[in-house]
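Please keep the structure in view while reading.

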Amino acid sequence: MALPRESASSSVPNDLEPFWMPFTSNRAFKARPRLLSGAKDMHYFTPDGRKILDASAGLWCTNAGHNRAPIVAAIQSQAAEMDFSPTFQFGHPKAFELASRIAQLAPGDLDHVFFCNSGSEAVDTALKIALAYHAVRGNASRVRLIGRERGYHGVGFGGISVGGMVANRKQFGVALAGADHLQTTYNRAEQAYSVGEPEWGAHLADELDRLVALHDASTIAAVIVEPVSGSTAVLPPPKGYLKRLRQICDKHGILLIFDEVITGYGRLGHAFAAERYDVVPDMITFAKGITSGSVPMGGVIARKGIHDAFMKGPDHAIELFHGYTYSAHPLACAAGLATLDLYRDEDLFARAKKMEPIWAQAAMGLKGLPNVLDIRTVGLMAGIDLASKPDAVGLRGYQALENAFHDHDIMFRISGDAIAMSPPLIVTEAQIGEIFDKVAAVIKQVA
Ligand SMILES: Cc1ncc(COP(=O)(O)O)c(C=O)c1O
């Protein structure tokens with residue numbers, strides 16, 4: 001059916017209005033847009049030719065830096081060779097190659113990879129695998145999923161059910177029945193200005209025992225946590241917390257899922273946070289850094305025992321009724337392989353580890369600036385809490401973002417009134433200095 005004339009004619013080329021922007025204050029943005037039209041290495045470029053220092057790796061994803069030549073070339077050549085191939089009942093070589101490469105990077109017996117297209121899909125996939133795993137083993141009563149306050153697991157119904165950011169949940173009904181939450185690991189009074197993992201708080205893992213006492217282990221399928229919460233402005237786990245969580249999960253037969261959508265692929269100086277914390281979870285979700293943000297891709301890495309539990313019944317039967325049209329899309333696989341090569345060839349995970357103390361020291365240098373309440377760092381991540389303006393929660397943070405872009409040529413993330421940073425892993429010492437000089441200027445400007 002043809003569109004009504006008014007509607008067709010109301011569409012103006014390059015009008016900002018039709019794009020309903022995600023997680024954006026649309027009216028404020030469209031009143032004073034922040035447009036990006038090019039990128040290279042540590043920088044974005046604006047249509048009017050300004051160079052913006054990228055202190056957030058886009059959205060925590062361009063870990064290798066922007067528009068790296070080998071990744072660009074791999075995508076171009078794959079697009080010319082084969083645009084799409086189904087992975088339902090068919091397969092293409094790069095999908096298998098990439099799964100093998102990812103499995104090699106993962107710790108322990110995490111050796112099977114299920115592909116999807118985003119972090120949200122990865123989370124929902126992991127939660128579904130957890131439920132189905134218990135079902136195929138005859139434990140179908142294990143249906144509860146446990147997340148944590150201040151956790152972010154994307155925007156699918158599974159992810160918001162276990163997620164712990166109130167704004168992402170409150171408008172969308174009751175989500176999945178039976179989800180519950182551990183307490184956040186963050187406590188400013190005990191942890192303020194900790195460099196890396198805070199000393200205080202390992203005991204908070206014991207809350208899982210309390211939830212088990214409340215619900216009974218026989219009803220709980222899985223616990224999902226971000227090893228470091230990213231989206232609530234970088235909350236590193238207290239020392240020993242994740243190990244304790246692993247022990248309690250083991251005691252009760254509960255699966256442990258690490259959501260490594262941000263922490264995966266070098267952010268904490270290792271392929272995965274699981275390695276940094278010496279804990280082998282039952283599943284790892286990943287996205288973002290796998291292609292350095294260049295092509296959408298996500299996935300779940302599962303332990304051998306989880307995968308193998310499904311491999312029964314007649315050979316011709318489908319073992320897991322789950323998948324996406326674009327699971328292991330050829331462009332994403334080509335980008336993923338080129339990205340992993342780049343991480344290896346430039347030793348970027350080790351580089352992140354080497355830069356961590358420099359990064360932490362520069363971040364902590366902002367202590368004492370107006371309205372700064374806490375600074376947290378771990379790996380190449382930093383969170384800075386700013387005091388909210390009276391009666392206008394989020395305004396200071398928004399003004400910081402806006403001033404940073406327009407007046408200081410720098411991009412970072414905000415979460416309410418907190419600033420969050422996670423530069424590409426190629427960041428130099430000089431650029432770390434530049435980032436924190438600019439952030440200091442922004443913080444003074446919004447005082
Ligand atoms: C830990 C975590 N899980 C899941 C997601 C969702 O990923 P996506 O936006 O690709 O769906 C994110 C995004 O930032 C994340 O940080």
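## Overall fold

In the protein chain, 71% of the contacts with a separation of 6 or more are made by residues 24 or more positions apart. The model is a predicted one. The protein chain contains 17 helices and 15 strands, and 49% of its 447 residues count as buried. Its C-alpha trace spans about 65 × 55 × 50 Å along the principal axes. A compact globule of 447 residues would have a radius of gyration near 22 Å, and the protein chain, with 22 Å, agrees with this expectation.

## Strand 7 and its partners

Strand 7 covers residues 220-225, and six of its six residues are buried. Strand 7 runs parallel to strand 5 (residues 144-148), to which three bridges join it; here Leu-145 has Ala-222 of strand 7 as its bridge partner. Strand 7 also pairs in the parallel sense with strand 8 (residues 255-259), over four bridges. In strand 8, Phe-258 stands opposite Val-225. Together with helix 11 (residues 241-252), strand 7 and strand 8 form a right-handed β-α-β unit.

| Strand pair | Sense | Bridges |
|---|---|---|
| Strand 5 and strand 7 | parallel | three |
| Strand 7 and strand 8 | parallel | four |
| Strand 11 and strand 12 | antiparallel | six |

An open sheet of four strands pairs in the antiparallel sense, in the order 11-12-15-14. Strand 11 (372-378) and strand 14 each have a single partner strand, so one side of each is left without a neighbour in the sheet. On average, neighbouring strands of this sheet are turned by 20° against each other, direction ignored. Between strand 11 and strand 12 there are six bridges, and Asp-374 has Asp-385 in strand 12 as its bridge partner. Helix 15 (residues 348-364) packs on the sheet, where it touches strand 11 and strand 12, and its direction makes about 180° with that of strand 11.

## Helix 16

How far apart are the end C-alpha atoms of helix 16? They are 18 Å apart, which agrees with the 20 Å that its 14 residues (395-408) should span at 1.5 Å a residue. The buried residues of helix 16 are Arg-396, Gly-397, Ala-400, Leu-401, Ala-404 and Phe-405. Among the elements that cover these buried residues are strand 3 (51-54), strand 12 (381-386), strand 15 (418-421) and helix 17 (429-445). Just after helix 16, Asp-409 adopts a positive phi of about 55°.

Note on methods: Residues are numbered from 1 along each chain as its sequence is written. This is a predicted model: local features need pLDDT of at least 70, side-chain atom pairs count only at pLDDT 80 or more; totals for chains, interfaces and linings use all residues. A residue is buried if 20 or more other C-beta atoms lie within 10 Å of its own, exposed if 12 or fewer, and partly exposed in between; C-beta atoms are placed from the backbone. Helices (H or I, at least four residues) and strands (E, at least two) are DSSP runs, numbered from the N terminus. Two strands pair if DSSP finds at least two bridges between them. A crossover is right-handed if, with the strands pointing away from the viewer, the path from the first strand over the helix to the second runs clockwise. The expected span of a helix is 1.5 Å times one less than its number of residues. Two residues are in contact if their C-beta atoms, placed from the backbone, lie within 7 Å. The radius of gyration is taken over C-alpha atoms; the globule rule is 2.2 Å times the number of residues to the power 0.38. Axes are lines fitted to C-alpha atoms, for helices over the stretch in contact, and angles run from 0 to 180 degrees between N-to-C directions.
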